[in-house]
Amino acid sequence: MNILVLMVDQLNGTLFPDGPADWLHAPNLKRLAERSARFKNCYTASPLCAPGRASFMSGQLPSVTGVYDNAAEFPADLPTYAHHLRRAGYYTCLSGKMHFVGPDQMHGFEDRLTTDIYPADFGWTPDYRKPGERIDWWYHNLGSVTGAGVAEISNQMEYDDEVAFNACAKLYDLARGHDDRPWCVTVSFTHPHDPYVARKKYWDLYEDCDHLLPEIPAMDYDDHDPHSKRIFDANDWRSFDIKDDDIRKSRRAYFANISYLDDKIGEILDVLDRTRQEAAILFVSDHGDMLGERGLWFKMSMFEGSARVPLMISAPGVTPGLIEAPVSAIDVCPTLADLAGVSMEDVQPWTEGQSLIDVANGDKDRSAVAIEYAAEASYAPVVCLREGTYKYVRCHLDPDMLFDLKSDPNELTNLATDPAHAEALGDLSAKADARWDLERFDQEVRRSQARRWVVYESLRNGAYYPWDYQPLRKASERFMRNHMDLNDVEENQRFPRGE
């Protein structure tokens, strides 16, 4: 079957308890949800763009991919779902963001319709050798919050307008039938990622919204866990005075941009309907956004707002409904291969993920979901296991954290020292011991960072050849040219064909 992957950026999964929350103005996503398996507890492999996306594509965690942060190279020899599907005879195409770092800007896609929105080189490499250092020209800061409001065009709007336009044009082209292969088209947007600015038509939808302040208000800095303090410091919190009005505007713009995305997705689904193309559809985000809960913004955290993402699958053979079992974005790669009829024997050697088709149809036998973070705002890797109702977080710099998400969905009570939960702590701690050698993990991250700083600084001396993807459109093969027969052009480029 044809496959359409719809990916968004930094969409908080708690806003999708069973498809989009009722109060969100997202009619197209709500219609998609009605015919989809909806995974309430899906988690990113890493709460940051490039590592989360590399893991989503490959089905492997950052400790395997080596994509620890937003400037770590995605290895060209690591199979992705685009490789698996292309190998099986699919046409594979990407419109939009995937934050590939390194000279390979395809990773199995036969076509890319746009460049990326972020750089492909090593310039955003953090440095564990300099704990506490802020790299001001690219680190997040809270200016996205104090600067929230209305804009009719922005860097990100320009990008996503282009992503949607090219995706629709490609779907029209595929409908013409010049290529008889099944297709997998991935459309990947950068919204609702900050900065928190939105077009007025979408901003106005949330004028009377009851959700413009977070459920858990900002806490004093000293009341936060050590990793959250590092996030605050990385975000330069002391340079900004965040008022309630700033919070309301930021959240309002974020919700507005969900509605903006909903319109873009609606355009794409409308083209599918009008060209009578059938496709399995998968909707997912790379990570979430804390949206001011506890005073935290953006991602980089293991808390639910940052680590939990929406995931919906609409496909023949996939039963629509709500699935509460914890799953991971690394499961997307084998799931897409499974939907395409690729043998799992050809996929499983290269992925830790598991196909979600059986889970959607009632199989609840799942292993613990693992999450890793080793980028800015960390001084050593942070790891997490989500199993049953529990979430366990470990970093060798910090005290362990354990939360029971059933009784404490806002993760306010750390149970790691509570004797009543000693058995759960011991079980998850043992599983973490079996999975991770944190000292080795830390050493590998530090070696990678140090190597990349040498390479980046050297390549910025003298002539600079960027790795950024350059979309190629051959003007001599478009519309009408004199090596073509006009009658053939007019007939073959029409859908439906004339009589």
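Residues 24 or more positions apart account for 74% of the contacts with a separation of 6 or more in the protein chain, a contact being heavy atoms within 4.5 Å. The structure is a predicted model, in which local features need pLDDT of at least 70, side-chain atom pairs count only at pLDDT 80 or more, and totals for chains, interfaces and linings use all residues. Residues are numbered from 1 along each chain as its sequence is written, and side-chain values use heavy atoms, with hydrogens and water left out.

For 499 residues, a compact globule would have a radius of gyration near 23 Å, and the 22 Å of the protein chain agrees with this; the radius is taken over C-alpha atoms, and the globule rule is 2.2 Å times the number of residues to the power 0.38. Along the principal axes, the C-alpha atoms fill a box of roughly 75 × 60 × 50 Å. Buried residues (under 20% relative accessible area, 1.4 Å probe, protein chains only) make up 60% of the 499 residues. The secondary structure comprises 16 helices and 17 strands, defined as DSSP runs numbered from the N terminus (helices H or I, at least four residues; strands E, at least two).

The largest nonpolar core contains 92 residues, of which Leu4, Phe255 and Phe283 touch the most other members. Such a core is a set of buried Ala, Val, Leu, Ile, Met, Phe, Trp, Tyr and Cys residues joined through side-chain atoms within 4.5 Å. Helix H9 (residues 244-274) gives the most to this core, with 13 residues. Apart from neighbours within four places in sequence, Phe255 is in contact with Leu15, Trp23, Leu24, Tyr206, Cys209, His211, Leu212 and Leu291. A second, separate core of 46 residues includes Ala315, Val318, Val327 and Val332.

Val332 is also among the buried residues of helix H11, together with Cys333, Pro334, Thr335, Leu336, Ala337 and Leu339. Helix H11 (residues 332-339) is thus mostly covered, with seven of its eight residues buried. Just after H11, Gly341 takes a positive phi of about 80°.

Thr351 is located in the loop between helix H12 (344-347) and helix H13 (357-360). Thr351 counts as buried because its relative accessibility is 6%. Leaving aside neighbours within four places in sequence, the contacts of Thr351 are Ser58, Gly59, Gln60, Ile330 and Pro334. The C-alpha atoms of Thr351 and Ile330, 21 residues apart along the chain, are separated by 7.9 Å.

How values were computed
Buried < 20%, exposed > 50% of the residue type's maximum accessible area, 1.4 Å probe, protein only.
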